[in-house]
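Hi,

Here is the structure I promised to pass on. Have a look at it first, and then read on for what turned up.

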Amino acid sequence: MSENTPQYVIAIDQGTTSSRAIVFDHDGNIVSVGQLEHEQIFPRAGWVEHDPEEIWTNVREVVGTALSKANLTRHDIAAVGITNQRETAVVWDKTTGKPVYNAIVWQDTRTQPIVNELAAEGGLDRFKDKTGLPLATYFSGTKIKWILDNVEGAREKAERGDLLFGNTDSWVIWNLTGGTNGGVHVTDVTNASRTLFMDLETLQWDDEILGIFGVPRSMMPEIKSSSEVYGTVAGSQLLRETPVAGILGDQQAATFGQAAFGKGAAKNTYGTGCFLIFNTGEEIVKSENGLITTVAYKLGDAAPVYALEGSIAVTGSLVQWLRDNLGMINSAPEIEQLAEKVEDNGGVYIVPAFSGLFAPYWRSDARGAIVGLTRFVNRNHIARAALEATAFQTREVLDAVNADSGVPLTELRVDGGMVANDALMQFQADILGVDVVRPEVIETTSLGAAYAAGLAVGYWNDTDELGRNWNEDKRWTPQMDQAEQDRQMRQWKKAVTKTFDWVDDDVK
């Protein structure tokens, strides 16, 4: 690259708890970061919302922070990549630019009656052949229907063609590229594959399913690849005229950032929830074991790459719950200090089914449980059990991946905030029986979005070049014997069954 060529790529990561902007250099190293948390809104039990306008304000601010920290201007930036919390639904008025309701977050369970109604004909797998997804409150589709059914005037506006829908990638890009003044209304195949509305074969919205949900086609963003120029940043913004050139849902972005490009490669991201993605190449693999089939990425005109995914709703947010709701710790890192004070969990297992159970069970009637309590147990045991819950859930998902793919995984690449926790990563290796590997750059979600954008504008040439950027930082090797591994898993599975059938029709 010459001196006048932009030297950096910026990624906007619109996540569940915060929005970040990260500037990367050509080697995939972090140059600077801007980050702001946004409010978590809980109007009722099971309801989780975000304010889309607060998110957009924060996105603009973190971009400014990241640029100013590195003393950069828009002329130094080759492209903008977007990654985002998936399935979190925003519906807004295209004439005013205002949301008609708060964003309904992926963890939200209010749409269970809609799921039940749609499953009455054809069961929970009614749309799975086409979409790869079971009917569940998790995905965007039921959330859009809820907004149209429950927000006054929304359905009429939608029928008139005045409302737009998007996961938070579409909301951010529409605003970045001009909003009411010519904003681009797009999404990529990875986000589209999380709505319940996209046909995995054609990569287009399915009119029949949209009709069943009662969602007008005019609301839906145009589906694009994960790596192409969608538009440029508009108006007086700091990044004006910079191409917006990559979109990947957060878990797919992390897979891309981990350079898991080959069939059989896998990664697990430890964040608010935990998400294991297994690359199945250009083949659509239908899960028989409770996983979902999703699009891993699509680069420009190239064929799409598919994946199996195991989604776990609550991992890092269990630690947040112990901090914020129970006051057991003051900061998240304390959980490891407590856990290391005891040799084992004292017989305690925590099943954090706060939003029901996701993969591989898909039980919306489940609720969280702490089991195995005795007078011997103290808060150190509970802290350890909280960490172990993440590892146990990952093991169950990995067992399902191995059963579906027929190719046993030999090592697991990991990323996300919790991978700084040595005790957890060692226990994860122990309970899986395979090596767990952490890369040097653990911000792989943002890195994946940067890679997708950089590829689209020629900043990087190909995925081989990206693969050479990946470097191992630390590896954990299993130390637990098979008998103990089997005993622990048996106890865990017993604990999981105690959470089933908790929600009755009259439970609020």
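This is a predicted model: local features need pLDDT of at least 70, side-chain atom pairs count only at pLDDT 80 or more; totals for chains, interfaces and linings use all residues.

Salt bridges

R20 itself is buried, at a relative accessible area of 15%.

In case you wonder what brings such pairs about: side chains of opposite charge can pair when their charged atoms come close.

The count for the model is 35 salt bridges. Here are two others you could look up:

- D162 pairs with R160, and their closest N and O atoms are 3.2 Å apart. D162 counts as buried because its relative accessibility is 18%, whereas R160 counts as exposed at 56%.
- R475 pairs with E472 at 2.9 Å, N to O. Here R475 is partly exposed, with a relative accessible area of 33%, and E472 is partly exposed too, at 36%.

There is also a network: salt bridges link R86, E87, R194, D250 and E309.

Around Q85

Q85 is buried, and its relative accessible area is 0%. Its side chain makes a polar contact with the side chain of T88, at 2.8 Å. Setting aside neighbours within four places in sequence, Q85 is in contact with several residues, including Q14, H50, W106 and T168. D250, a member of the salt-bridge network, is also in contact with Q85.

What the record says

UniProt has an unreviewed entry that lists residues 8-257 as "domain: Carbohydrate kinase FGGY N-terminal". In the model, that span is 30% helix and 26% strand, and the C-alpha atoms at its ends lie 16 Å apart.

Empty space

Rolling a probe the size of a water molecule over the atoms shows where empty space is left. The largest pocket has a volume of about 1,400 Å³. Its lining is made up of 42 residues, and those nearest its centre are A45, G46, W47, T109 and F354. Two or more lining residues come from each of α2 (112-119), α4 (140-150) and α10 (316-324). Which of these gives the largest share of the lining? That is α10, with five residues.

As for cavities, the count is one of 30 Å³ or more. The largest cavity holds about 110 Å³ of space and is lined by 17 residues. I312, L357, F358, A359 and Q393 lie nearest its centre. At least two residues of that lining come from each of β18 (305-312), α12 (379-405) and α16 (482-497).

Over to you!

Best wishes

Notes: Residues are numbered from 1 along each chain as its sequence is written. Side-chain values use heavy atoms; hydrogens and water are left out. A salt bridge is a side-chain nitrogen of Lys or Arg within 4 Å of a carboxyl oxygen of Asp or Glu. Buried means under 20% relative accessible area, exposed over 50%, partly exposed in between (1.4 Å probe, protein chains only). UniProt positions are given in the numbering used here, feature names are shortened, and annotations may be inferred rather than shown by experiment. Helices (H or I, at least four residues) and strands (E, at least two) are DSSP runs, numbered from the N terminus. A polar contact is a pair of N or O atoms within 3.5 Å; within protein, one must be able to donate a hydrogen and the other to accept it, and residues adjacent in sequence count only if both atoms are side-chain atoms. Contact means heavy atoms within 4.5 Å. On a 1 Å grid over the protein atoms alone, a cavity is a set of points where a 1.4 Å probe fits but cannot get out, and a pocket is an open set with protein on both sides within 12 Å along at least five of seven lines; lining residues have an atom within 4 Å of a point. Grid points are joined across faces, edges and corners, and a volume is the space filled by probe spheres set on the points.
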